[in-house]
Amino acid sequence: MSGVTLALVGAGLRGQSYARHAVAARSGRVIAIAEPDPDRRRAVAEEFGVPPERVFADWADLAAAGRLAEAAIVATQDRMHTAPAIRLADLGYHILLEKPMATSEDEAMQIADAAQRNRIMLAVCHVLRYTPYTRLLKQLLDEGRIGRLINVQHLEPVGWWHHAHSFVRGHWRSQETSAPMLLTKACHDIDWLIYLTGQLPARVSSFGNLTHFRPEERPEGAADRCLDCSIEPTCPYSAKRLYLGCLGDPAKEFWPLGALTERRDLEGVLDALRTGPYGRCVYATDNDVVDHQVVTMEFPDGTTCSFTMAAFTPMEHRRTRLLGTHGYLDGDGRTLRLVDFRTGEEELIDASLAAGHSAADGHGGGDEALTAAFLAAVAGGDPSLISSDAVSSLASHRVVWAAELARTTGTVVTLTEE
Ligand SMILES: NC(=O)c1ccc[n+]([C@@H]2O[C@H](COP(=O)([O-])OP(=O)(O)OC[C@H]3O[C@@H](n4cnc5c(N)ncnc54)[C@H](O)[C@@H]3O)[C@@H](O)[C@H]2O)c1
């Protein structure tokens with residue numbers, strides 16, 4: 001059997017996805033698992049055929065067994081990245097690490113230090129860098145097809161129900177248990193904008209707040225749980241409509257339904273809505289992260305950029321306009337419209353066609369492409385295949401923390417080179 005041997009640390013929704021991509025491409029083999037949830041642990045061990053002696057309930061137990069595999073996928077929740085990443089790096093594992101690297105700058109620096117001191121390859125899961133769409137866009141910019149880049153306008157349309165699922169009811173609703181939404185969601189966007197422009201910003205500012213998903217906005221007659229609520233049928237954020245509507249669709253049963261329950265039947269979903277966090281009224285949870293935020297950035301060469309992340313959209317691919325001295329690019333995550341000012345001609349380029357069927361899946365093909373790049377880097381001992389390494393990811397995370405500082409202090413933050 002061939003393929004890089006993998007230890008899966010945190011066999012949740014993301015960990016399972018990367019592991020499946022690795023196995024499907026025959027570029028990786030899951031040979032050890034650490035996962036505390038007994039149902040998930042059993043199901044994933046069975047799926048990948050991992051023997052009981054290499055199945056653990058905690059990453060620390062897996063680490064105590066020494067280096068079992070060439071590489072590890074670390075896909076635990078946000079506040080649980082640092083300790084396993086450092087320990088596994090010290091054991092010599094190459095690491096595919098979910099974003100955000102860590103929830104504080106100090107911890108992210110410790111991870112980058114551990115990767116460097118152990119000379120291991122570490123890829124942060126900035127999947128957007130690896131999509132066929134991004135490759136195409138970057139190539140057009142680097143070829144100078146729109147001349148010199150002057151301004152970028154970028155939108156992350158989170159989607160009304162996705163926001164309610166993840167950032168009001170779900171894991172990323174609270175800064176205390178997770179982190180600010182700019183880090184948990186938009187570290188992708190800030191990283192991507194830096195990657196595209198090829199430079200770190202010199203100054204950042206930011207505004208944003210939690211406007212809608214708060215008790216003052218609760219409509220009259222709303223109950224604490226959707227199952228008990230008389231106005232649920234007319235509420236856009238009805239958990240009943242959202243989650244019962246997933247049943248019967250395998251993709252939706254995996255996500256978002258897989259976050260609520262391992263059961264895929266009416267009674268299982270109703271039970272989760274009756275007792276779990278995902279059945280709560282969106283105006284009556286313990287959420288505190290923003291529901292809209294803007295960030296503006298100025299780059300050292302004078303390029304400017306405005307970025308908006310908002311809940312109140314359909315859930316779609318990101319949209320970006322790039323304004324150059326000789327042309328204009330308008331992209332929707334699949335197709336790019338290029339207008340050349342010299343000829344006035346307009347070209348429509350479909351990145352999904354260039355990429356084949358997979359472009360529509362998992363972050364526009366990014367999940368698969370990242371997994372492939374990481375495993376090829378490990379197999380061939382070639383770190384240049386990883387563009388989201390610890391150093392570049394730390395640099396873009398720092399911009400996120402600077403933007404959050406700007407938002408919370410009402411200042412413009414000047415970034416200094418580290
Ligand atoms: N790259 C992306 O686009 C993207 C998208 C979504 C989520 N994420 C990130 O991926 C990470 C995981 O998210 P998820 O949705 O898969 O969450 P999840 O809750 O489904 O998975 C996390 C898993 O870690 C397990 N775990 C908890 N303690 C553990 C321990 N001591 N040892 C081993 N495993 C342990 C949990 O039981 C759970 O199964 C988060 O950091 C999240 O922010 C990234």
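**Stop one: a glutamate in a loop**

Select E232 and show what surrounds it: leaving out residues up to four places away in sequence, E232 touches C226, S238, K240 and R241 (contact means heavy atoms within 4.5 Å). One thing to know as you click: this is a predicted model, where local features need pLDDT of at least 70, side-chain atom pairs count only at pLDDT 80 or more, and totals for chains, interfaces and linings use all residues. Residues are numbered from 1 along each chain as its sequence is written, and side-chain values use heavy atoms, with hydrogens and water left out.

Zoom out a bit, and you'll find E232 in the loop between β8 (203-209) and α10 (239-244); helices (H or I, at least four residues) and strands (E, at least two) are DSSP runs, numbered from the N terminus. Is E232 buried or exposed? E232 is buried, with a relative accessible area of 9% (buried means under 20% relative accessible area, exposed over 50%, partly exposed in between, with a 1.4 Å probe and protein chains only).

**Stop two: the ligand**

Now select the ligand. Of the 25 residues around the ligand, R14, E35, R40, D78 and H188 come nearest (a residue counts if one of its heavy atoms lies within 4 Å). For a backbone example, pick L13, where a polar backbone atom is 3.1 Å from a ligand oxygen.

Methods
A polar contact is a pair of N or O atoms within 3.5 Å; within protein, one must be able to donate a hydrogen and the other to accept it, and residues adjacent in sequence count only if both atoms are side-chain atoms.
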